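Open your viewer, keep the sequence panel beside it, and follow along one selection at a time.

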There are 2 protein chains.
Amino acid sequence: MTWPASTPPPPYYAVIFTSLRSEAEDGYAQTAQRMEELAAGRRGFLGIESVREGAQGITLSYWTDLEAIREWKADLEHAEAQRLGRERWYERYSVRVARVERAYDFG
Amino acid sequence: MTWPASTPPPPYYAVIFTSLRSEAEDGYAQTAQRMEELAAGRRGFLGIESVREGAQGITLSYWTDLEAIREWKADLEHAEAQRLGRERWYERYSVRVARVERAYDFG
């Protein structure tokens with residue numbers, strides 16, 4: 001995986017997931033890794049960037065279009081992970097869906 | 001500062017800054033903190049979320065409009081920090097400017 005993620009020229013979409021973790025660990029790491037793998041296999045997936053510092057985390061996933069994001073959100077295994085996330089792993093989170101209009105790189 | 005950042009209902013804009021740090025530390029922490037303070041004082045600023053894990057970092061800043069982002073990018077002190085960033089502190093980075101179209105929170 002490259003860092004920063006290599007993405008095509010805009011426009012495309014970003015899902016900005018900003019989270020505050022709870023103390024609960026049971027199954028979190030495995031599920032997080034599984035969700036990254038599942039997402040990466042879906043139509044429209046362009047890349048992912050994820051960082052955690054203590055309880056605070058940001059995961060950015062990039063997609064070709066809004067329909068691909070809707071499909072990923074509705075994926076049954078992902079929906080179950082979202083439910084467990086609200087029940088166990090996250091105290092709070094925000095999801096923002098954004099259209100990337102401009103992008104530039106250094107290095 | 002709240003986490004996740006408290007932002008108004010969409011639409012608004014996000015600047016997604018994904019970076020890979022170099023080993024150089026000289027002045028980085030002070031400048032990063034100063035830039036957060038400067039940004040927070042500018043017209044159109046809505047919030048900021050920043051996380052680093054080893055060399056990999058993501059900083060999200062939220063703005064009311066593209067013109068506010070342009071003004072912040074062109075700020076003289078910020079422009080000098082960007083120059084130092086390319087010269088010293090970052091091996092690579094990506095900047096993506098995105099229009100937040102939908103957002104929802106849990107918790």
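**Before you start**

This is a predicted model, in which local features need pLDDT of at least 70, side-chain atom pairs count only at pLDDT 80 or more, and totals for chains, interfaces and linings use all residues. Residues are numbered from 1 along each chain as its sequence is written, chains are lettered from A and ligands numbered from 1 in the order in which they are written, and side-chain values use heavy atoms, with hydrogens and water left out.

**Stop 1: both chains**

Contact here means heavy atoms within 4.5 Å.

**Stop 2: helices α2 and α3 of chain A**

Select residues 66-74 for α2 and 76-89 for α3, both in chain A. Helices (H or I, at least four residues) and strands (E, at least two) are DSSP runs, numbered from the N terminus. At what angle do α2(A) and α3(A) pack? The angle is about 65°, and the axes are 5 Å apart. Axes are lines fitted to C-alpha atoms, for helices over the stretch in contact, and angles run from 0 to 180 degrees between N-to-C directions. The two helices are therefore roughly perpendicular to each other (under 35 degrees is roughly parallel, over 145 roughly antiparallel, 65 to 115 roughly perpendicular and the rest oblique).

Now show side chains: A:Trp72, A:Lys73 and A:Ala74 of α2(A) meet A:Leu76, A:His78, A:Ala79 and A:Gln82 of α3(A).

**Stop 3**

Keep α3(A) and select residues 28-40 of chain A, which form α1. The axes of α1(A) and α3(A) come within 11 Å and cross at roughly 150°, so the pair is roughly antiparallel. On the α1(A) side, the contact is made by A:Tyr28, A:Thr31, A:Arg34, A:Met35 and A:Leu38, and on the α3(A) side by A:Glu77, A:His78, A:Ala81 and A:Trp89.

**Stop 3: two cis peptide bonds**

Most peptide bonds are trans. Zoom to A:Pro10 and A:Pro11, which are joined by a cis peptide bond with omega of about 5°. A:Pro11 is in the segment before β1 (12-21) of chain A. In chain B, another cis bond joins B:Trp3 and B:Pro4, with omega about -10°. B:Pro4 is placed in the segment before β1 (12-21) of chain B.

**Stop 5**

Is B:Ala5 buried or exposed? At 8% relative accessibility, it counts as buried (buried is under 20% relative accessible area, exposed over 50%, partly exposed in between, with a 1.4 Å probe and protein chains only). Leaving out residues up to four places away in sequence, B:Ala5 touches A:Arg96, B:Ile48, B:Glu49 and B:Tyr62.

Finish at B:Glu91, in strand β4 (residues 90-106) of chain B. B:Glu91 is partly exposed, with a relative accessible area of 45%. Its contacts, not counting residues up to four places away in sequence, are A:Phe106, A:Gly107, B:Leu20, B:Arg21 and B:Ser22.
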